[in-house]
Amino acid sequence: MDYQNDPFSALDLVGNAPDADYFALNYNEPITPPTTVSSSVHQGASQVGIYAQDQMAYGDHWFLTGGLRQDWSSIKTVNYAGAFFGMAPAQQDDSALTGRVGLVYVSDIGLAPYVSYSTSFVPQSGTDFFGTPFDPLTGQQYEAGIRYAPKSGWISATLSFYDLTEQHVLSADPDIAHNGFQIETGEERSRGIEFETVVTPFRGLNITGAYTYDDVRITKSTDPTEIDRQPANTPSTQASVFADYTFQDGALQGFGLGGGMRYASAAWTDTTNTIPTGSLTFFDADVHYEVQDWRIALNVDNVADSRTQLCFGEVCHFSRGRTIIGSITRRFE
């Protein structure tokens with residue numbers, strides 16, 4: 001069983017700004033801070049879920065896993081200002097039964113082909129321009145693949161093929177007067193291939209790699225021109241590689257460091273696929289030290305602080321810059 005409480009508040013102000021050239025933006029141009037409130041919304045959202053899962057084996061090779069989950073969600077929306085101030089609070093209650101089932105065959109040499117099917121239910125916070133809360137995101141996924149993990153343990157790899165459909169997907173409101181708001185686009189379908197691997201050529205060195213090709217298309221929409229288009233900011237190709245080495249003996253025993261890169265191909269800024277974004281490449285690094293049951297680590301994502309502009313309809317923002325995370329971990333056995 002689990003319980004989630006997700007409060008959400010948003011204050012939107014509007015005002016005039018000078019004209020801007022999307023392809024030659026001047027980030028130092030002064031803009032008068034807006035003072036007119038277009039909306040002020042608060043939501044109280046809660047969700048309760050109960051779930052169970054069972055794994056069954058037939059002999060030493062066949063394994064069947066099945067699970068069910070029942071969810072109840074409740075969202076209350078209050079408009080405190082703007083065009084819909086004074087409107088009665090909106091109450092939205094939803095429930096759903098979801099599940100998953102998977103079958104895998106584990107061979108003696110470490111190969112394991114599998115198939116699975118799953119459904120999903122995720123409440124969505126926020127409202128459209130008219131203060132109406134969004135329906136929960138629902139989905140269905142078929143997946144098939146093969147895993148390889150020999151007993152020697154020097155490599156593990158997974159190649160999978162998936163077909164995922166989601167309903168009540170959000171996208172930017174195309175009405176320029178509703179700048180910054182979202183609407184329920186309708187339905188999206190994602191078909192792709194994923195490959196993941198972890199290789200340990202020798203003690204202390206771990207190399208991880210991942211590749212994804214994702215063909216995402218809008219299959220249902222309130223705007224017919226969006227049909228069979230790609231959703232905004234959805235790259236078709238993503239790849240990453242990371243190597244980490246920990247010294248096994250000597251004065252540096254327990255000390256480790258690593259580095260790698262992440263790549264995402266170009267995408268579109270809107271659902272009509274008219275203005276492309278550039279591809280993204282980031283470099284990451286980490287250092288860590290382990291002694292007995294303690295681990296001290298410093299992770300740096302996007303070492304070079306590379307940034308690009310990402311747009312969602314009329315709203316644009318920078319991609320995340322350099323991020324530094326320090327951690328101290330104590331393991332109990």
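Accessible areas come from the Shrake-Rupley method with a 1.4 Å probe, and for residues only the protein chains shown count as cover. This is a predicted model: local features need pLDDT of at least 70, side-chain atom pairs count only at pLDDT 80 or more, and totals for chains, interfaces and linings use all residues. Residues are numbered from 1 along each chain as its sequence is written, and side-chain values use heavy atoms, with hydrogens and water left out.

**View 1. The whole chain.** The protein chain has 17 strands and zero helices. Both are DSSP runs numbered from the N terminus: helices (H or I) have at least four residues, strands (E) at least two. The C-alpha atoms fill a box of roughly 65 × 50 × 40 Å along the principal axes. The chain exposes about 20,100 Å², and carbon and sulfur atoms supply 58% of that area. Of its 333 residues, 32% count as buried. Buried means under 20% relative accessible area, exposed means over 50%, and partly exposed lies in between (1.4 Å probe, protein chains only).

**View 2. Serine 160 and its neighbours.** Serine 160 sits in strand E8 (residues 155-172). Its relative accessibility is 3%, so serine 160 counts as buried. Leaving out residues up to four places away in sequence, serine 160 touches Tyr114, Glu143, Ala144, Gly145, Gly192, Ile193 and Glu194. A contact here means heavy atoms within 4.5 Å.

**View 3. A nonpolar patch on the surface.** Ile109, Leu111, Ile146, Tyr148, Leu159, Phe161, Ile193, Phe195, Tyr211 and Tyr213 form this patch, with about 830 Å² of accessible area together. Strand E7 (137-148), E8, strand E9 (182-199) and E10 each give two or more residues to the patch. Patch residues have over 30% relative accessible area and no salt bridge; nonpolar side chains (Val, Leu, Ile, Met, Phe, Trp, Tyr) are joined within 5 Å, and like charges within 9 Å. Tyrosine 148 lies in strand E7.

View 4. Side chains of opposite charge can pair when their charged atoms come close. A salt bridge is a side-chain nitrogen of Lys or Arg within 4 Å of a carboxyl oxygen of Asp or Glu. By this rule the count comes to 12. In one of them, aspartate 163 meets arginine 191 at 2.9 Å, N to O. Aspartate 163 is in strand E8 and arginine 191 in strand E9, so the pair ties together parts 28 residues apart in sequence. Aspartate 163 is buried at 17% relative accessibility, while arginine 191 is partly exposed at 43%.

**View 5. The salt bridge between arginine 262 and aspartate 284.** The closest N and O atoms of this pair are 2.7 Å apart. Arginine 262 belongs to strand E12 (residues 255-264) and aspartate 284 to strand E13 (residues 280-291), so the bridge ties together parts 22 residues apart in sequence. Arginine 262 is partly exposed, at 33% relative accessibility. Aspartate 284 is buried, with a relative accessible area of 10%.

**View 6. The loop between E10 and E11.** This loop lies between strand E10 (205-221) and strand E11 (237-246), and aspartate 228 is in it. Aspartate 228 is not a glycine, yet its phi is positive, about 70°. Asparagine 233 is in the loop between E10 and E11 too. Its phi is near 55°, a positive value in a residue other than glycine. Asparagine 233 is partly exposed, with a relative accessible area of 28%.
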